[in-house]
Amino acid sequence: MRIVSWNCNGAFRNKYELIAGYQPDIIVAPESESPEFLAKSEQNIPCENHIWDGESACRGLSIFTFNGYKAYVPDFYRRDFKMVMPVMVYNAWRCYLLIAVWTKFVGKVNNSYVAQAYNAMCFYDKYFTGNTVIIGDFNSNAIWDNKKQRRVKHQALVRKLSNDNFSSVYHEMNDEQQGHETQPTLFFHHQKEKAYHIDYAFMHRSMFDNLADFRVGKHEEWGQKSDHMPLFLNLKDRAC
């Protein structure tokens with residue numbers, strides 16, 4: 001199963017073809033348009049399912065499925081976690097719990113971004129299985145953990161997921177520590193001197209034997225389209 005996660009910085013309808021060449025089965029796209037918006041603009045994306053949630057029709061969180069994969073939102077989805085959306089993804093012989101992430105500012109810094117992700121994981125952990133992937137734009141890194149206004153620290157989220165038997169694919173693959181990443185996923189306002197690693201893929205550790213490939217997109221290839229770099233996650237076939 002090929003998953004691409006990319007904060008497209010808006011107008012995904014004009015950027016989808018860049019991702020399509022990777023032949024993804026799943027796309028997680030923060031800052032993308034709703035199905036209704038795409039229909040009105042007559043720029044529908046040819047997919048099996050388009051699941052979306054958001055507060056602005058042109059900038060929400062999308063999950064697209066392709067190549068026979070279907071998806072639905074389970075009844076345990078809590079919209080008050082901004083925005084951390086569980087989706088059941090399946091085809092004839094595979095099934096996954098995919099948790100798509102685009103954390104948001106929700107009024108106070110101490111309850112925003114990583115705090116939203118942490119609170120969501122504390123709620124959704126009862127639904128975790130050995131076929132669970134958590135992926136997207138977390139807007140968080142351990143380098144900001146010393147900020148006093150952040151009630152929940154990035155490392156607290158990492159520890160929580162580690163206790164649930166999850167690891168960051170990037171850090172496992174590259175043997176790097178949280179807060180010491182050498183490959184940025186964000187070039188803030190397209191500035192190379194403001195480069196940070198804030199997009200992550202966490203997988204249940206039982207899935208790592210099925211990991212075929214993982215990489216972060218290069219600024220030279222993607223920087224003209226978004227300040228975020230895509231994550232490419234490729235898993236070998238895994239039965240339910």
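Q: Which residue has its backbone oxygen 2.9 Å from a polar atom of the side chain of Thr 65?
A: Thr 65 belongs to strand β4 (residues 59-65); helices (H or I, at least four residues) and strands (E, at least two) are DSSP runs numbered from the N terminus. With a relative accessible area of 0%, Thr 65 is buried (buried is under 20%, exposed over 50%, partly exposed in between, for a 1.4 Å probe and protein chains only). Its side chain has a polar atom 2.9 Å from a backbone oxygen, which belongs to Tyr 69.

Q: Which atoms do the side-chain values use?
A: The model is predicted: local features need pLDDT of at least 70, side-chain atom pairs count only at pLDDT 80 or more, and totals for chains, interfaces and linings use all residues.

Q: How many aromatic pairs does a search of the whole structure find?
A: Rings of Phe, Tyr and Trp (its six-membered ring) pair if their centres lie within 6.5 Å; planes under 30 degrees apart are stacked, over 60 edge-to-face, and the rest tilted. For the whole structure, the number of such pairs is 19.

Q: What is the angle between the planes of Phe 105 and Tyr 113?
A: Phe 105 is partly exposed because its relative accessibility is 44%, and Tyr 113 is partly exposed at 24%. Their rings lie 6.4 Å apart, centre to centre, and form a tilted pair. The angle between the two planes is 45°.

Q: Which residues form one aromatic cluster with Phe 76, Phe 81 and Phe 123?
A: The cluster contains these three Phe residues and also Tyr residues.

Q: How far from the ring centre of Phe 232 is the charged end of Arg 215?
A: A charge sits over a ring if NZ of Lys or CZ of Arg is within 6 Å of the ring centre and within 35 degrees of the ring normal. Arg 2 lies over the face of Tyr 22, at 5.8 Å from the ring centre. For Arg 215 over the ring of Phe 232, the distance to the centre is 4.1 Å.

Q: What is the volume of the largest cavity?
A: On a 1 Å grid over the protein atoms alone, a cavity is a set of points where a 1.4 Å probe fits but cannot get out; a pocket is an open set with protein on both sides within 12 Å along at least five of seven lines, and lining residues have an atom within 4 Å of a point. Points are joined across faces, edges and corners, and a volume is the space filled by probe spheres set on them. The search finds 1 cavity of 30 Å³ or more. The largest cavity has a volume of about 40 Å³.

Q: How many charged residues does the lining of the largest cavity have?
A: The lining consists of Asp 53, Gly 54, Glu 55, Tyr 77, Arg 79, Lys 82 and Met 83. Ala, Val, Leu, Ile, Met, Phe, Trp, Tyr, Cys and Pro count as nonpolar, Asp, Glu, Lys and Arg as charged, and the others, Gly among them, as polar. By these classes the lining has 2 nonpolar residues and 1 polar residue, and the number of charged ones is 4.

Q: How much space lies in the largest pocket?
A: The lining of the largest pocket has 7 nonpolar, 5 polar and 6 charged residues. The space in this pocket is about 350 Å³.

Q: Which elements each supply at least two residues of the lining of the second largest pocket?
A: The second largest pocket has a volume of about 200 Å³. Of the 14 residues that line the second largest pocket, the closest to its centre are Val 158, Ser 168, His 171, Glu 172 and Gln 178. By class, its lining has 4 nonpolar, 6 polar and 4 charged residues. The elements that each supply at least two are α4 (154-163), β9 (166-168) and α5.

Q: What separates the C-alpha atoms of Gln 178 and Arg 215?
A: Gln 178 lies in the loop between α5 (169-174) and β10 (186-187), and is buried because its relative accessibility is 13%. Arg 215 is 37 residues from Gln 178 along the chain. Their C-alpha atoms are separated by 17 Å.

Q: Is Gln 23 buried or exposed?
A: The loop between α1 and β2 (26-32) contains Gln 23, whose phi is near 55°, a positive value in a residue other than glycine. With a relative accessible area of 53%, Gln 23 is exposed.

Key: Residues numbered from 1 in each chain as written. Heavy atoms only, no water. Polar contact = N/O pair within 3.5 Å; in protein donor to acceptor, adjacent residues only side chain to side chain.
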